[in-house]
Amino acid sequence: MNHQYNKTITACFIGYIVQAVVNNFVPLLFLTFQRTYNIPLSQITLLVTFNFGVQLLVDLLSIGFVDRIGYRASMVIAHLFSAAGLILLTFLPELLPSPFAGILISVMVYAIGGGLLEVLVSPVVEACPSENKEKAMSMLHSFYCWGHVGVVLLSTIFFHFFGIQNWKMMALIWAVVPLCNAFAFTKVPIASLIKEGETGLQLKELFGLKIFWILLIMMICAGASEQAVSQWASTFAEKGLGISKTAGDLAGPMAFAIFMGTSRAFYGKYGDRIHLDHFMIYSCCLCILAYLGISLLPIPQLSLLACAVCGLSVGIMWPGTFSKASAALPNGGTAMFAMLALGGDVGCSAGPTLVGMVSNALHDNLKMGVLAGIIFPVLLLLGIFLCSKLSTRSSL
C-alpha cells in the first residue's frame, strides 16, 4: 500500500468504531431511559428498529448523492451527523414536551451518520492502493467488532465508577471520536473508486447481472447469519445459565463480538496466504455446525460455547462478500456498495426476526428458532459456489 494512504486506512478503521458507538451505546441506556423519562419499555425497544430502519433508508438514498458531492464531503457529513446525534441525546429529551420524541430525533440524526458510514467506509478502503484488498477489508471490519467490545466495556467501567446517572458525560465523550475523525477526513488522501475515464454501474445495469443478485443474497445471508445468534446470545446466556443481564451481555454478545473480531483480524493478518473462497467455505461449514450445536446440545454451557464459535465462523462473511463483489464487479461503484450495505442491513433485521418468530410459534423455544436460522449459512455456502461457477464461465 502507498505510504500516504496509511492515514486514510486508519481513519476508516476509526470510522467503523464510530459506527459501533452509534449502534451499541444507546441500547446500554434503555432501562435508564425507562426510569428517568417514564417511557414504556415497548417504546424503548422500538429505538433499535428505528435506528436500523433509518440506516436502511440512507443506504438507498446515498446512491443518488454520494457521487455528486464526493466521498470526502460525504465522510465528513457522516461523522458530523454521528456526533450531533450523540450530543442531542444529552439535552433534547428534556427540551421537548415528549422525552421519547427527543430520543427518537437524536437516534434519527446519528442513524443518518451510521447509515452513510456503512456505505462509504468499505469503498474508500477498497479504492486505496494495496497488494491484498481482501486482507485490508477483513481488518477494517474487525474494527467494528473491537468498537462494539470497547463501547460496552468502557461504558460499563465508566458507569461503575461514576454512576449511570452521569451517562450524558459518557455520550459526550463518545461524540469526541466522530468529531476528531471528521477533521481527519478533511485532510487524508482519498483515491477514486472508479478508474479514470470510466463510470460506475447504474442500478439498472446492476440489476441485469446474475452475479450481482447472488452477491446481494449472500450479503443478506451474511448479516442474518451474524445477527440471528448475536441478538439472542444474551437471552441464551440468561435463560440457560441463570445469570444476570450484565453477566449475560458479557458472556453472550461480548464473547461473540470478540471471536468475530478475532476471525476478521486473523484474515486481515494472514489473508495473503489463504484463498478467500476456501476460508469462506470453511467458515460457512463451521457456522452450520455452530448453529446445530446451539440448537441441539443438551448442556447450556456447551450451547453458549457454540454461540462464541458462531462469532468466529461469521467473521469473514460480511467483508468477504464485499471483497468478492469488488473483484467480480470492479466498476460496481457507489450503487453496488450501497445496495450491498442495504442487503446486509436487511439480513441483520431478518435473521433475528426469523429466530424470534419461530421461537414464538414453538412456545418460546429459542433453540428451535436458531435451528431455523441455519438456512442463512446454508444459502451463503451455495452462493459462494455459484459465484465461483459464474466467474469461471466469464473467464473462459
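**Close-up views of a predicted all-residue model**

View 1. I39 belongs to the loop that runs between helix 2 and helix 3 (41-44). With a relative accessible area of 4%, I39 is buried, because the cut-off for that class is under 20%. S323 is 284 residues from I39 in sequence, and the two C-alpha atoms are 43 Å apart in space.

**View 2. The aromatic pair F33 and W167.** A pair of aromatic rings is described by the distance of the centres and the angle of the planes. The chain has a count of 13 aromatic pairs. In the pair shown, the ring centres of F33 and W167 are 5.3 Å apart and the planes stand at 80 degrees; the pair is therefore edge-to-face, as the angle is over 60 degrees. F33 lies in helix 2 (residues 30-37) and W167 in helix 9 (residues 167-184), so that the pair links distant parts of the chain, 134 residues apart. F33 is buried at a relative accessible area of 0%. W167 also counts as buried, with 4% relative accessibility.

**View 3. The aromatic pair F322 and F337.** The rings of F322 and F337 form a stacked pair, with 5.6 Å from centre to centre and 20 degrees between the planes. Because F322 is part of helix 15 (residues 317-328) and F337 is part of helix 16 (residues 333-361), the pair ties together parts that are 15 residues apart in sequence. The relative accessibility of F322 is 1%, and this residue counts as buried. F337, at a relative accessible area of 2%, is buried as well.

**View 4. An aromatic cluster.** Four residues, F266, Y267, Y270 and F279, form one aromatic cluster.

**View 5. Surroundings of W232.** W232 is placed in helix 11 (residues 210-241). Its relative accessibility is 25%, so W232 counts as partly exposed, a class that lies between the 20% and 50% cut-offs. When neighbours within four places in sequence are left aside, W232 is in contact with P352, V355, G356 and L366.

**View 6. The whole chain, for orientation.** The chain has 18 helices and zero strands. Its C-alpha atoms fill a box of roughly 60 × 50 × 35 Å along the principal axes. For 396 residues, a compact globule would have a radius of gyration near 21 Å, and the 20 Å of the chain agrees with this. Buried residues make up 52% of the 396 residues. Of the contacts with a separation of 6 or more, 82% are between residues 24 or more positions apart. The chain exposes about 17100 Å², and carbon and sulfur atoms supply 68% of that area. There are 20 positive and 17 negative side chains, and the centres of the two sets lie 2 Å apart.

Methods
Residues numbered from 1 in each chain as written. Predicted model: local features only at pLDDT ≥ 70, side-chain atom pairs only at ≥ 80, totals over all residues. Heavy atoms only, no water. Helix = DSSP H or I, 4+ residues; strand = E, 2+ residues; numbered from the N terminus. Rg over C-alpha atoms; globule rule 2.2 N^0.38 Å. Buried < 20%, exposed > 50% of the residue type's maximum accessible area, 1.4 Å probe, protein only. Contact = heavy atoms within 4.5 Å. Areas by Shrake-Rupley, 256 points an atom, 1.4 Å probe, with all protein chains shown as cover. Lys, Arg positive; Asp, Glu negative; His and termini not counted. Charge placed at Lys NZ, Arg CZ, Asp CG, Glu CD. Phe/Tyr/Trp six-rings, centres within 6.5 Å; stacked < 30°, edge-to-face > 60°.
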